[in-house]
Every structure is written in structure tokens, then in C-alpha cells.
Amino acid sequence: MATFFLIQSAEKQEQSMDARDNTSPPPLIVVVNDDPMQLRFLASVLERGGFRVQPFRSAEDALHVMSATSLPDAIVTDLHMPGIDGWRFCRLLRSSEYPEFNKVPVLVISATYSGEDAREITTKLGADVFLPAPTKAKTLLENIHALLKGNSLHPPTKVLVVEDSRTVAEILRKTFEKRGYEIRIVETGAAARPLFHEMNPEIIILDYHLPDTMGDALLVEWRQCAPTSVFVMMTNDPDSHLALDFMRKGASAYIAKPFDPEYIVSLCENALRERALLHVEDLLEERTRQYRKSEMDMRTILENLPYQFWLKDKDSRFIVVNDAYAKKCGQPNAEALVGKTDANVWPADLAERFRATDEEVMQTRSRKVVEEMRSQNGHPTYVETFTMALVDDQGNVTGTTGYSQDITERVLAREAIQVDEARLEALLHLNQMTDKPVQAIMEFALEEGVRLTGSKMGYFGFVNEAEKILTMYFWSGVAGHKGPVQLTFDECGQLGKSVSQRDPLLVNNCAPGDIYHVCLPPDHLQLTRYMNVPIFEGETVVLTAGAGNKETDYNESDVRQLTLLMQGMWALLEHRKSQETLLRTEQERRIIENRMQHVQKLESLGVLAGGIAHDFNNILSAILGYSDLALRELPPDAPVRVHLSEVEKASRRAADLCNQMLAYSGKGHFCIESLQMNDLIQEMGHLLGLFVNKQTQINYLLSEDLPLVEVDRNQMRQMITNLVANAAEAIGEKDGILSISTGYRYCNAPFLHECLFGEELPAGGYVFLEVSDNGCGMDAETQKRIFEPFFTTKFPGRGLGLPALMGIVRGHKGAVKITSAPNRGSVFCIYFPMASELAEPPRVKKAAPTHKKLNWKPSGLILVADDEECVRGIVNVMLRKMGFDVILTRDGQEAVEAFVQHANTIELVLLDLTMPILGGAEVFEKIRNIRPDTRVVLSSGFSERDISEQFREKGLTGFIQKPFTYDALQETLHAALTSA
């Protein structure tokens, strides 16, 4: 393992050596370090200090080379190295095996081991100097110079001799002092005890027989106090068992008198070094334990951090992470992420961005803080990420580290404060507009309301005193309208729902064609999200305001901002009421009246087609029903039968017209059939060629054996036409290539998630239609908006072609993949499920009208719920004519109450779909909760397909579409009442 340390440059370095003259070669310094970077760095410092340097990566290499060449002047070594470590290297340099190196000064420098215990062990093993890293270059050079001059840089080793023979004691004194030891001699145990505690000797030599005690008693006593010291027992007693006894009691060596004094010094030195090596093992074990504990402590800290923490190397591979970050990456735990890179766990664009951040902070050696918004389950999540460069002791960049934290609450709180401040500023500005025209005040309030709620459009309107009429004065510009529009609340639908329910309305899941678009003008911006709030004066609603198409969901903060702003505007307008009229001029009122008359004359198929068709069907039900009953009552030869037959025919034609209106408004049904996409494209070949210029070539790449798809043929034609027309527009008048391809592909979930509208589609086989061109292409910003209604990059266009394609694809449970770039063309690939895998919605079982006379005697009680009086009237007559008893109710609430009273006797419920208070679906649920086996037949002007979707798997007994005849009703009831 390499020792990491930094030798800081000294301001001045030694330029000459005092110990040599100008003619002698510089001293040779051997440097041993297993880390090549540290080895080069130390060698550089010593060479700049005027020394010759001989570097080695291991102690084995150094010993081998030094033994065969000239003796070095000094040795500099690391401690923690593979093979022979620094401690054992020192031990060998001072051993009898390598006597030539016994006097060579040794300097140890280490960052892995530091402290007094490491210094003490190193000294005992023979090193002359121990320096902890990092240390200054000046300090290193000063120590080398001192060693070369022979200066002792550490205190001498202390020796305590307890010997009553003065001759032996004097011999030991001279021998140890000659070798540089500090020696103290006493003759008795009593004198030795205080001296032992005073000097803390590293070597203790004890005579066995002392005048006042036995030497082995002192051995046992002191061994407990100084476990690392060397104890040597001396005796002239010939008993051979004494040596074993001394060793058992803790002696390092045993010497029989007489002895060679040089031998006893060598023996003590060897024993001291052996003790030091044992201490090294203890130190290593202790450091290992401390390291493991530190690692566990660090892991505990990491796992309890309220952040997602990571540490990477220079190649962005994860080295350390906590479980919080691993789970964010989709990994089971931290260990599963170690060794991987961002590219292994994040999407490509996100991984590339993270990699770029790592490169930036490593190059600049700075810290980078990124605050970003990420979408999670349709809701914004704000994340703050800190990334920093990792730099080692030598200043080299080794990687990056950082952490992320969820700051959604902080950001939302900050945004709420900012919005509140903006609203206060808006109100302050509004209050200063007392001299401004009323129109300017209302326009400012509307613009601020849209801005404060983060919306794309907005409106507000005034409510009359009876809360029956809504006068829409302003629509935000993007919505497509300005100026007064007067609507009843029956006409304005969802725009006035907050008035009827007297509470704010929040809708965060609008889709094209749903109920929230029914009452909008034909050219109005399609809604994705919508909010409406009522403004009160006392208990009366005086104003309703709305906003739409915020990028994120509307919430209570948006309600508060819009409400407070509109309340401020209303207060200002009330203040101005005595000076200016809030109504428009007489000319404007005439415009409103003319527009109202125009609206009454127009059959607004784009905006109110569904509602008109529904109401018209109710009227036709009465006309067709009564004419049918009249024809039944008249004799065959009655002259009036001819006229009534014409009435019936006209009613049926009107019913067909209603069905067409329903289809146009999105309330009709698809004409689904199984078809071969290739056949349809070939059938349209001549028509498609009309869209392109003469210089454009159309290539057809149609796969053979293409599976069938279940689609609406006419809508497929419209989709192909729109795609080809769009490609032809992109090519323009230049030479171009337009390709139409088909094929089959198995689409897995990840691929579908990459497609538009494919998030909720199941994996499986899909037939694709691809239209590509080499036209002008689109940038990323344009691609984001191509499906927005009314958005177009062509001046004369209406911007409805691709939005229509979107509706067709989604209606057929398909997906879209788009590839495009400026000046590189575009590719639109549409995927539709194979016919065998297309799950068609269940249809309500309905008896086909056969107009055969039924051998059936109707009887029993039928509950009829319909809000149209004319419908209730004709149904009542028909049912009673059949033989049923009838209960008539006008709305959903009344129907439920009547059912509760007669639940045990009612045979069947004939239920209208659209009613006030409670709609047909709610009534159906309540009736089934009261009596689950109740037979329920729905009647509606909407198509059977809509009913099938709405009542999927709910057990609806039957369905009859308005208008209907006596026979159709009788057959439907017969099928419902006689079914199992």
C-alpha cells in the first residue's frame, strides 16, 4: 500500500554540503517507496538538495543492489510496503546478516503510521529518525544533513542494570556506553525500584541473586509495568531449569556468567528489536481495528445522512455511495452500485449531463451546485446537487464527490413567497389604477391572474343577480376571444360550474373532446388543466374567473392567488361604479344581442354539437313516439296515415342528422374493421401523389405478410393524408424524397415509454406506418409543440393536421415516434396494435329491432327517470299501453328516492344518462347498491359505444338510443326482462 504524503517546497534549500569539499561526489541517498509517484517526488526533493539518489520500489531490491555496489550514505524508507515492510527493513539493516549497513543512517517517513508509538517502535528497530508526513522539504533536508554529520537526532536507549558485583557492573557500563547507550547501575532491589519508575528503561538486566531480593521477583513485578521493555536475567547458578523458568516469567533472554559483554549488548539489541516487531503486529492489529471501526462509523454516518451521497473516481465509477443514492438509481443497495458508472444506471441524456459536470469540476477543481426540477408521477420534484473535485495530498485530482437532496418543500415555499409578493405588488398597482378605464383595469387583472397562476390562458365573467346568466367580458389573447359573450349557465357548462357548486373547481386531467371542451368556442385553445373560482359579494356570486393549461397541477395556492386578485379587482370596480358604468355601450349591447341571435340560429356542431343533439333527440323521441302510437291507433285506410308516415320519416331523418352531429363532436363511434395497412396505402397511392411537387419522389417500402389491424378506415385515410401533406410542405418546391414504409415490430415497455402516448400501452406486437422526408426538419422546441392545437409553422395553416393525428392515434391505442432535426428531414412512425392483440371494449347487449309481434304479456312496475317532460310523457304512454305500471321522475335524486320506496316491486328502471342533480351513472350506482339484481336499461342520445365505455363491467342490462319507437322499446324491455 502506498504512503500518501506531501513534501511542501521550502523557500530556500541547501545548496552545498558542509561535510564534503568541492571535489568529492555528493552523498548517495537510497530511497525506498512502493508508490512511484511518491518515489519520484522524494527523489526530486533530495536531488534539488544536492544529493545523489538511488530509488527502489521494494526493500528486497534495495538490499540486493546495495549489497553488490557501494555503501549508501543514508537510507530513506517508507513503512507500509508489500513484502518486506519498513519496520522489518530497519530490522535487517541493523542485523548481523547485513553488518555492512549497521552504521548507515536510516530515516523513516510515513503518513500511514504516525504518533509516539510508531516513532518509538521505529527507533527500537534501528531507524535514526522518524518523520510523519506531510513534512516540509526543509525539514527533510535538515534531518539528512544532521544524520550525515553523525548527530544523534533521538535520545539514547536507556539501560538499567541491577548487579551487586561491581566488576560485572563496570564491564557492562563500559560496553553499553561505548555503543551510545545511557546506563544506570544499582546493587540492590530497594535502590532499583524508584530508579526503574524514574528513568523508564528500555533494557533491564537483572542479576538472579541480589543482596535483598531475587532478580526474578523484580522481573515479575516490572514486567506488568513495562510489557514492551527487554528483560535479561544473569546468573552463575548452573541449574539448567532456571532458563525455562525465567522465560516463563517474561524474560527476553538468559545469560550465564561469565559472559562476553559484546554478546550481551547484541543480545539486548536483538531482543529489543524482536519486541518492537511484536509491537508492530499489535500496532497493525490496533490500526486495522480502528480503520474498520472508522469505516463502520463512516457507513453509519452515510446511511443516516438526509442526502444521497456518492464518491467517484476519475472515470466516474462509483467508489462509495449510501443506500439512499443507490435506491434513487434503482439499485437494491450501495454494494450493487459500486464499480458502475452513471451510464449503467441513468438514462443516456442524464448520464451524459452528470459526466459533463464531473469533467467540469475536475478541470476547474471547484464546486458546482445545480438546482433542477424533475417530474415524478406528474408532479414537480426539485433536487439540489452539490458536486466537488477530490484532490489528494499532492494536489492531484482523483475523482469527484457530492450529494443530492430533495428541496421541493423549500422551493415551493420560496415560490409561494414570491407569488405572494407578486400578488401584493399586483394588488398595489391595481389600487393605483383608480383613474384608468374599466377595460384597462380588467385586462390588467386578467393578465396578472394568468401570470400568478403560471397559466397559458384565462378569462373572467360577471354573474347576474339571479345567478342565471354569465357575461364573459374578457378572454386572454391566446384563448382566441375578446369581448363580451353572454351565456346562460345551461350553455356555459363547466365555465360556470364553480358558481353552481359555490366552490372552486380544479381539473388537472383534461383531454381533447371531454366534457370540459364541450362549451368552448370552436377556435378556443384546447385545455389540459383548468381552474375556476367564484367571487362573492356577501352570499351572492358576482364574478367567476378561470385559468387553464398550467404546466403542473393546479392547487390551493393558485386558487388563493386568483381569488384574492379578482376580489381586489371587483372592489376597485365597485368603487368606480358610481363614476363609470360596468356595462358596455348601447352599441356593444346590440352586438351582444346580435351575437346571441346568431348563436341561436347556428347549429354549432364544433362547440355544442353533443348538447344540441342530445336535446334534439329528446324532442324527436316525443315526435317519433307519438306519431308511431298514432299510426297504431288509426285504421289502415285513414287518410291521415299518409301525413303521419311523412312525420315519422322526417323524424327518422332528423335522428340520422343527430347521429352525424354526435359523430362530429366526438360522441359517435368508430367504424372498426380489420384491414391490411398495405392495401389501404396502395388504394390511396394516386391521391397521395397529388400532394407532392413534380420533383419529389415517393418511395413505397411495404413489408410482406403484414398483420391486420383493427381501425377505422376513414380515420386511417385522414391520418395518412395529414402525414403526407405535412411531409410535402416540409420539402416545399425543391427536389425531395418522401418514403412511406410499413412493417411489424415487437415493442417492449421501455421502447413504448420512449414513444408519445405509449406510456400506458402494453408490450406486444405492433404494426407500424412510417412517413419520412428530407425536408426542412424541426428543432427540439418545435417538436414539443407540434401537437398543440392551432400551432403551425406555416403562415396560412390552421395547425389542426397533427393534433387530429394525435386524436386518431390515441383513439386507436397507438403510439408515435418522431425523429427530426433542422435541415435533416423528419420521420413520423405510427404504431398500432395487431388485430389479435387489440382489446376491444365490451359492448352493451342490445336486442336488434326485428319489428316482429312478440308473444309476451308485459306486466309489473317500471321506474322512468328523465329530465325532459316530453320524453317522460311519451314513455309513460308507451309503457302503459304495453301493460306496465309506471313511476315517472324528473331528475336523478327523485329517481333514487322513488326507488328506495318501491325497491321490492320495481321490475326494471328506464334511466336517462344526462340529468340534473344526479346523472344516470350516479343513479345507476346507487340503485345497484340498494338492490344489486335490479334490471337497468339506459336511454340516451349518445352512442352505444360511449355507454359501453362508461359502464364497462358494471352489469348494465340494456341500452336504447333516442329517439325510439314503440316496437323498439317493447323489444328492448322484452330482452331485458326475459334474460337470465
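Q: Why are helix α1 and helix α5 called roughly perpendicular to each other?
A: In this predicted model, helix α1 (residues 36–48) and helix α5 (residues 137–148) pack at an angle of about 65°, and their axes are 10 Å apart. Angles of 65 to 115 degrees count as roughly perpendicular, so α1 and α5 are given that label. The crossing of α1 and α5 is right-handed.

Q: What makes the contact of α1 with α5, by class, nonpolar, polar or charged?
A: On the α1 side the contact is made by Leu42, Val45 and Leu46, and on the α5 side by Ala137, Leu140, Leu141 and Ile144. Ala, Val, Leu and Ile are among the residues that count as nonpolar. The contact of α1 with α5 therefore has 7 nonpolar, no polar and no charged residues.

Q: Why are α2 and α3 called roughly parallel to each other?
A: The axes of helix α2 (residues 59–68) and helix α3 (residues 86–93) cross at roughly 20° and come within 10 Å. Angles under 35 degrees count as roughly parallel, and α2 and α3 therefore get that label. Their crossing, that of α2 and α3, is right-handed.

Q: Which residues make the contact of α2 and α3, and how is it made up by class?
A: Helix α2 brings Ala59, Ala62, Leu63 and Met66, while α3 brings Phe89, Leu92 and Leu93. By class, the contact of α2 with α3 has 7 nonpolar, no polar and no charged residues.

Q: How do you know that α7 and α8 are roughly parallel to each other?
A: Helix α7 (residues 189–199) and helix α8 (residues 215–223) pack at an angle of about 20°, with axes 12 Å apart. The cut-off for roughly parallel is an angle under 35 degrees, so α7 and α8 qualify. The crossing of α7 and α8 is right-handed.

Q: What makes up the contact of α7 with α8 by class?
A: From α7 come Gly189, Ala192, Arg193 and Phe196, and from α8 come Leu218, Glu221 and Trp222. The contact of α7 with α8 has 4 nonpolar, 1 polar and 2 charged residues. Gly counts as polar, and Arg and Glu count as charged.

Q: Why is threonine 188 called partly exposed?
A: Threonine 188 lies in the loop between β9 (182–186) and α7. Its relative accessibility is 22%. Buried means under 20% and exposed over 50%, so threonine 188 counts as partly exposed. Leaving aside neighbours within four places in sequence, threonine 188 is in contact with Val162, Pro211 and Asp212. Threonine 188 and aspartate 212 are 24 residues apart in sequence, and their C-alpha atoms are 6.2 Å apart in space.

Q: Is asparagine 774 buried, exposed or partly exposed, and what makes it so?
A: Asparagine 774 is in the loop between β28 and α27 (780–785). At 33% relative accessibility, asparagine 774 falls between the 20% and 50% cut-offs and therefore counts as partly exposed. Beyond four places in sequence, the contacts of asparagine 774 are Ile731, Lys734, Asp735, Gly736, Ile737 and Gly825. Between asparagine 774 and alanine 727, 47 residues apart in sequence, the C-alpha to C-alpha distance is 8.4 Å.

Q: Why is serine 939 called buried?
A: Serine 939 is in strand β34 (residues 935–940). Its relative accessibility is 4%, and the buried class is under 20%, so serine 939 counts as buried. Not counting residues up to four places away in sequence, serine 939 touches Asp866, Leu910, Leu911, Asp912, Leu913, Ile960, Lys962 and Phe964.

Q: Which residues have the most contacts inside the largest nonpolar core?
A: The largest nonpolar core has 35 residues, and Met719 and Ile720 have the most contacts inside it. Elements giving two or more residues to this core include α23 (677–683), α25 (713–731) and β28 (764–773). The largest share, 8 residues, comes from α25. Not counting residues up to four places away in sequence, isoleucine 720 touches Leu680, Ile681, Met684, Leu688 and Leu769. Another core, apart from this one, has 25 residues, among them Ile535, Tyr554, Met566 and Trp570.

Conventions
Residues numbered from 1 in each chain as written. Predicted model: local features only at pLDDT ≥ 70, side-chain atom pairs only at ≥ 80, totals over all residues. Heavy atoms only, no water. Helix = DSSP H or I, 4+ residues; strand = E, 2+ residues; numbered from the N terminus. Buried < 20%, exposed > 50% of the residue type's maximum accessible area, 1.4 Å probe, protein only. Contact = heavy atoms within 4.5 Å. Core = buried A, V, L, I, M, F, W, Y, C linked by side-chain atoms within 4.5 Å. Axes fitted to C-alpha atoms, helices over the stretch in contact; angles between N-to-C directions. Parallel < 35°, antiparallel > 145°, perpendicular 65-115°, else oblique. Left-handed = near helix turned anticlockwise from the far one by under 90°.
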